[in-house]
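The following note sets out several points for a colleague who is reading this model for the first time. Please keep the sequence and the structure in view while going through them.

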Amino acid sequence: MAQATDISRAYADQFARLRATLPGAKDPKLSALREGALARFAKAGVPTPRLEDWKYTRLGALLDGAFEPSSPVVNGIGEDAIDALSPALAGGPRLVFVNGLLRADLCCLDGLPAGMRVESLGAAPADLAEALADRDADALWSLNGALARDGAIVTVAKDAGEGDPLHIVHLARPGAGGEASHTRHMIRIEPGAAATVVESFFGPDGAAYWSNAACLIRVGRDARLRHFRRQQEGAAGLHRTAVRVELDAGAAYESFGLFLGGAIGRDEISVRFAGEGASCTLDGIYLGRGTQHLDCTTRVFHAVPRCTSHETYRGVLDDKAHGVFQGLIRVEKQAQKTDAHMLSKTLLLSDRAAVDAKPELEILADDVQCSHGATTGDLDPASLFFLRSRGLPEARARAMLVEAFITQMVEGIGPDAVRADFTAAASAWSAGGLGGGMTGGRA
Amino acid sequence: MAAMVATIETVRELSEYKHGFVTEIDEERAPKGLNEDIVRFISAKKEEPEWLLEWRLKAFRHWRDRLLPAAEPTWARVSFPPIDFQDSYYFSAPKRKELNSLDEVDPELLATYAKLGIPLKEQEVLAGVKNIAIDAVFDSVSVATTFKKKLQEMGIIFGSFSDAVKEHPELVRKYLGSVVPYTDNFYAALNSAVFSDGSFAYIPPGVRCPMELSTYFRINASNTGQFERTLLIADKGAYVSYLEGCTAPQRDENQLHAAVVELVALDDAEVKYSTVQNWYPGDAEGKGGIYNFVTKRGACKGVNSKISWTQVETGSAITWKYPSCILQGDNSVGEFYSVAITNNHQQADTGTKMVHIGRNTRSTIISKGISAGKSQNTYRGLVRIGPKAEGARNYTQCDSLLMGDTCEAHTTPYIEVKNRSAQVEHEATTSKISEDQLFYLRQRGLDAEDAVSMIVNGFCKQVLQELPMEFAVEAQKLVAISLEGSVG
C-alpha cells in the first residue's frame, strides 16, 4: 500500500498539470476554491475503514495509488450504443458524459421540458462558484471539486411543470486501467417547479477505473424533484456518488437508487431540511453477487420543524457479495414535529454473503416521531414451502421470491419510462441466476 | 400551576441524593499515582501469588506502553475533561479485616449498610426466610461475607476475589482474563493492573444456587479509584442469579470507577446477572459524580448455556458500559434488558454486544432509554453473526423517551451478518410521551406527575419485570425518583 502522502502528492501533481484546462481556471476566486478543496483532500487523504463513516468499506485500489485522469478522447461510441443501455429512456432528453466529459454529439435536448435549462460546467461561469462549493465536504468530494473537468448544471425555472425525465448518462471507457473521472453536477429547482432527473452509470468489465461523481441539489420552496440513480459500472469499476440535497420550505425530494454494478460501489446521499414542511423519500435497492461490495450511506438532517423523511433500502446479496447500509437521521433541537423513519431489509442468498448495517438516530428535539428498523435473513421458509407445495422446484421458488422482493421496491417508481428502465435492469440481474452468477453490470 | 410547583418541590426533595454520606473509617492507602511499584504494592498487600503479580504487571505494561500513549477511547458519545491517572489513589482498604462473624465488623460500617437499607445482621437471622447472601464490598476489600457456609455445603464457592485467589487459585488462574483479556480495552487493562477486590463465585456442575447472590458496591474513600473485578463461573448444568447494586456517597470530585465483570457459562449452565446502578450522578449543575467505565462480558462457552444481563442504570455522571455475550456454544442464549435513565447533566453511552459464534444461538436485546434535563443518552449496540452461526436469531428493540427539549437521545446499532440462515431484526423508536396518553390518564383523575410515572413505568415494564423480586422494588423507586423531577 502506498503512503497516503504519496497519493496526495500524486493528486496534487495531477491538479498542477490540469489546472489551466479546468473550467473557471482564469478566475482567481475559482482557482482558490479548487486549491482549497485540494488542500482539504490532502489533509484528510483517501478515507480508510479507520474512519467511523467508512468502517465497513475499504476503497481497495484507491488506497494503493492515485488514479490518473481518464482520457478525454474516446472514439467509436454512437447514439445507438447509448440507446441500447436504457431502451426505455431512449428518445427522451439526455446528456451523455464519457470519461467525465460532456459529449455534445451524443446528447439529445429536443424534448427538454419547458423551463428546464441545461449547461455544461465549462459553459456556466456564473454558477461555477456555487457548483464547486466545498463546505462540510469529505475528502472524496473535495478531490472531485479540485479535479472536476465537467458536469451538468440543470436549472428548472419557477413554476415549470414536470416534463419528461432528463437522463444523465455517465459512461466510462477506461484505457489501461487506473483512471478516474470526477464529474460535478448541480441541479436547481426553483420555487413551485417540478422535474425528474435520472442518472445512470455504465462501464465495461475489465480494467479498473474510478467514477467519482458529485451532485449538488437545491429544491426551492414548494418545488419537487424526483431523482433516480442507476449504478451499473463494470465488474472492476470503483464507484462513488455523493449527492447533497438542500430542501426549502414545502419542497419535496424523492430519490430512488438501483445499485448493481462495480467491484466497489458507494452511494452517499445527504439531505438537509432548510425550510419547514418539506419532505423527502430515500429509497434504494442494491443487488450484489460475485465479490461485489455495495455500500449505501444516507444522512438526513432535520434542522427545522415539521419535516418528514422516509427511507426504505433493500439488499439482495448472493455469492460472496458484501452489502453495507448506513443511515443517519439527526434531528436538531429546534426541529420539533419531525417525522422520520428508516427501514433496511437485506436478503442473504449465499453462505458467504455478508451485510453490515448501521441505522443511527441522533435526536435532540423531544416532540418527534422517529424510528428505524433493520432485518436480515434468508428467504422466508414458510413462503418457500408454500410455493414448493404448489409444485415449483426449489430454485424456481427461490427465484420468484427474490424477484418479488425486488419488484416490491421497483414497482413503486412513478414515471413510467424510469420504472420500465429500472425493472428491465433488475430483471436482467435476476436472470443472471442465483448462487452462481459472477458478473456485475456491462456496457 | 400551584399543584405543579408543589410537585416540583416534592420531587426536588426526592431527587436529593439520599445515599450521600461519608463514613469515617480508618483506611490504609497506597501512595498517589500509578507505576509498577504501586502494582507490586497492591499485589503484596493482598499476598498474591507470583503468577497473579506477573499478570498484573503485563496488563500494566500493556496499558502504559500501548494504550496510554493513544489516550482514552473517544468513540463514545460522552465528554469529560482528561483524567490524570497519576492524580489518584489506587488502593485503599479498611484496616481491620480478619473477621469470623458479623459481630467483629466495624460498627460504623454496619451502620453504613443499615443506612443503605441492607440489614446485614437481620439477613443472617432471617436466613431461612430471605435467602440472600451478601458479599459486601466496602471500597476495595470484602469485609463481611454471609451465608458462606451454607453455600459451601452445596459446593458453591462465593466470596471475595482475594479469598478465591488464596483458596482456589486453580479456578481463578484458569478463568481470570478468559472472557475479558487485559488487552481488551483501555479501562479493562487498567483494571487488570490495579484491581483491588471484587466477588468470585463458582457453581459446581448440576447445582442450582438456592439464593440470589448479591453484592453491594460502595465507593467510599475520597479520591480512590475503584477497580472491582468480578468473576462468576457456572459449571455444567449449574444455575446462578447474581444481584449487584450500587450507591455511593456524595462527592464533588469526579471519581473513576473501572470495573471488570467476567461471566462463564459452561454446558447447560445459566447465569442471570442483574444490576441496579445508582451512583452519585453529580448535582443539578453537573458538578461531581462518578465516571462509570465498566467492561462486563459473559461467555456462553458451553452448549445450551445462557447468560442474561438486566440493568437499571440511573446513576453516575458518565456511564460507559456494554454488558455483552459471546455465544460460543451451540444453542446458547444471550439476553440484555436495560433501562437507562439520564437526568440533569448525566451522560450515558450504554448498550450491548451479542457475538454469535455457535449454531442456533439466540439473543434478545430490549433497551429503554429515558432522557430528561440536559442529559445525553446513547444506545450503542453490536449484533454480530459469524459465518458458522447457522440458524442464529437476534431480536433487538431499543426505544427512547425524551422528556423536554434540552436532552438528547441517540441510537447507534451495528449489525454485522455473515450467515444467511441467521435472522436478525432490529427496531428502534424515539418519541416523547404522547399528549393523548397523558390526556387519557388525566381525565381519569390522575395528576400529571402520576400519569407520567405510570406511562414511564409501562415503558420500562418489559425490562423491570426481568429483575428478581428483591431488585424490582428498588428499581421502581429509582425510576420514579430519577425522573419525576423532569415533568412539566
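**Notes on the predicted model**

1. Glu362(A) stands opposite His410(B), a residue of strand S23(B).

2. Strand S19(A) and strand S23 of chain B, which covers residues 408–417, run antiparallel and are joined by six bridges.

3. The contact between the chains extends beyond that pairing of residues. On one side 31 residues of chain A take part, and they are in contact with 29 residues of chain B. Two elements of chain A give two or more residues each to the side that touches chain B: strand S19 (354–363) and strand S20 (369–377). S19(A) supplies the largest share of this side, ten residues.

4. What classes of residue form the side of chain A that touches chain B? This side has 14 nonpolar residues, together with eight polar and nine charged ones.

5. Chain B may now be considered as a whole. Its secondary structure comprises twelve helices and 24 strands. Of the 488 residues in chain B, 53% are buried. Among contacts in this chain between residues at least 6 apart in sequence, 83% join residues at least 24 apart.

6. In soluble globular proteins, nonpolar side chains tend to be buried together. The largest nonpolar core here has 246 residues, and Ala234(B), Val240(B) and Leu263(B) have the most contacts inside it. Strand S9 of chain A, residues 209–219, gives the most to this core, namely eight residues.

7. Which residues does Leu263(B) contact, leaving aside its neighbours within four places in sequence? The contacts of Leu263(B) are Val179(B), Leu232(B), Val271(B), Tyr273(B), Gly298(B), Ala299(B) and Ile307(B).

8. The last point concerns two helices of chain A. Helix H1 (residues 4–18) and helix H5 (residues 139–147) of chain A have axes that come within 10 Å and cross at roughly 25°. H1(A) is therefore roughly parallel to H5(A), since angles under 35 degrees count as roughly parallel. H1(A) makes the contact through Tyr11(A), Gln14(A), Phe15(A) and Leu18(A), while H5(A) contributes Leu143(A), Ala146(A) and Leu147(A). By class, this contact of H1(A) with H5(A) has six nonpolar residues, one polar residue and no charged residues.

Terms used. Residues numbered from 1 in each chain as written. Chains lettered and ligands numbered in written order. Predicted model: local features only at pLDDT ≥ 70, side-chain atom pairs only at ≥ 80, totals over all residues. Core = buried A, V, L, I, M, F, W, Y, C linked by C-beta atoms within 7 Å. Buried ≥ 20, exposed ≤ 12 C-beta atoms within 10 Å, placed from the backbone. Helix = DSSP H or I, 4+ residues; strand = E, 2+ residues; numbered from the N terminus. Contact = placed C-beta atoms within 7 Å. Axes fitted to C-alpha atoms, helices over the stretch in contact; angles between N-to-C directions. Parallel < 35°, antiparallel > 145°, perpendicular 65-115°, else oblique. Nonpolar A, V, L, I, M, F, W, Y, C, P; charged D, E, K, R; others polar. Pairing = 2+ DSSP bridges.
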